[in-house]
Amino acid sequence: MLKIMIAVDGSDVSIEAVRQGIKLLKNGLDAHFVIAHVQKEATLLELATTDSDLIANASIDAGMDLVAPAQELLRAAGASYEVEISLGEEANTLIDIATSTECELILIGATGKGGLGSILIGSVSREVARHSGLPVMIVKMPEEQDAEEDIGEDEVLI
């Protein structure tokens, strides 16, 4: 059984990465998924003015809320999965999660933002691909959804 980490941050493109994982299952791949989410650590000011355990627990709770849609999709598909929520710098922590859970592949969503950004991948996905010793599958949104998101409410496609 292949163990695949899917990085999830609550964005549409991270949910698309989950859908790609499900497609792999439907095409016959025997896989177990690790849904991974990283929350940024509290700043020194936050730690000095608030209970650090309270901040950490709130971060973990927020992470669980963000991965809930991914869990629902995997559960509905009958997929085997587990959830890992960590605090830290996103790219390095995602790589650490993949390593510690003995994953063999990483699925991660990426978006480019306008102009030159449309040909580039996101900074976290780029850093994960660059520094991970594992294969990394970078998932982008389907073309139709990219076009819809670029159009304002009052604009019409011609």
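The structure is a predicted model, in which local features need pLDDT of at least 70 and side-chain atom pairs count only at pLDDT 80 or more, while totals for chains, interfaces and linings use all residues. Residues are numbered from 1 along each chain as its sequence is written, and side-chain values use heavy atoms, with hydrogens and water left out.

A nonpolar core is taken here as a set of buried Ala, Val, Leu, Ile, Met, Phe, Trp, Tyr and Cys residues joined through side-chain atoms within 4.5 Å. Buried stands for under 20% relative accessible area, exposed for over 50%, and partly exposed for values in between (1.4 Å probe, protein chains only). By this criterion the largest nonpolar core comprises 18 residues, and the most contacts inside it belong to Ile4, Ile6, Val8, Val18, Phe33 and Leu74. At least two residues of this core come from each of strand 1 (2-7), helix 1 (12-26), strand 2 (31-39), helix 3 (52-76) and strand 4 (105-109). Helix 1 gives the largest share, four residues. Helices (H or I, at least four residues) and strands (E, at least two) are DSSP runs, numbered from the N terminus. Another core, of 14 residues, lies apart from this one and has Ala36, Ala98, Ile108 and Val128 among its members.

Ile4 sits in strand 1 and is buried, with a relative accessible area of 0%. Contact here means heavy atoms within 4.5 Å. When neighbours within four places in sequence are left aside, the contacts of Ile4 are Leu24, Leu29, Ala31, His32, Phe33, Val34, Cys103, Leu105 and Leu107. Ile4 and Glu102 are 98 residues apart along the chain, yet their C-alpha atoms are separated by 8.9 Å.

Leu134 is found in the loop between helix 6 (123-131) and strand 5 (136-139), and its relative accessible area of 22% makes it partly exposed. From Leu134 to Glu104 the C-alpha distance is 6.2 Å, although 30 residues separate them in sequence.

Attention now turns to charged side chains. Side chains of opposite charge can pair when their charged atoms come close. With a salt bridge defined as a side-chain nitrogen of Lys or Arg within 4 Å of a carboxyl oxygen of Asp or Glu, the structure holds three. In one of them, Glu82 pairs with Lys3, and their closest N and O atoms are 3.8 Å apart. Because Glu82 lies in strand 3 (residues 80-87) and Lys3 in strand 1, this pair ties together parts that are 79 residues apart in sequence. Glu82 is partly exposed, at 27% relative accessibility.

Another salt bridge joins Arg19 and Glu16, with an N to O distance of 3.5 Å. These two are three residues apart in helix 1, so about one helical turn separates them. Arg19 is partly exposed at 37%, whereas Glu16 is buried at 7%. Arg130 and Glu127 also form a salt bridge, their closest N and O atoms lying 3.4 Å apart. Arg130 and Glu127 are likewise separated by about one helical turn, because they are three residues apart in helix 6. Arg130 is exposed, with a relative accessible area of 61%, and Glu127 is partly exposed at 23%.
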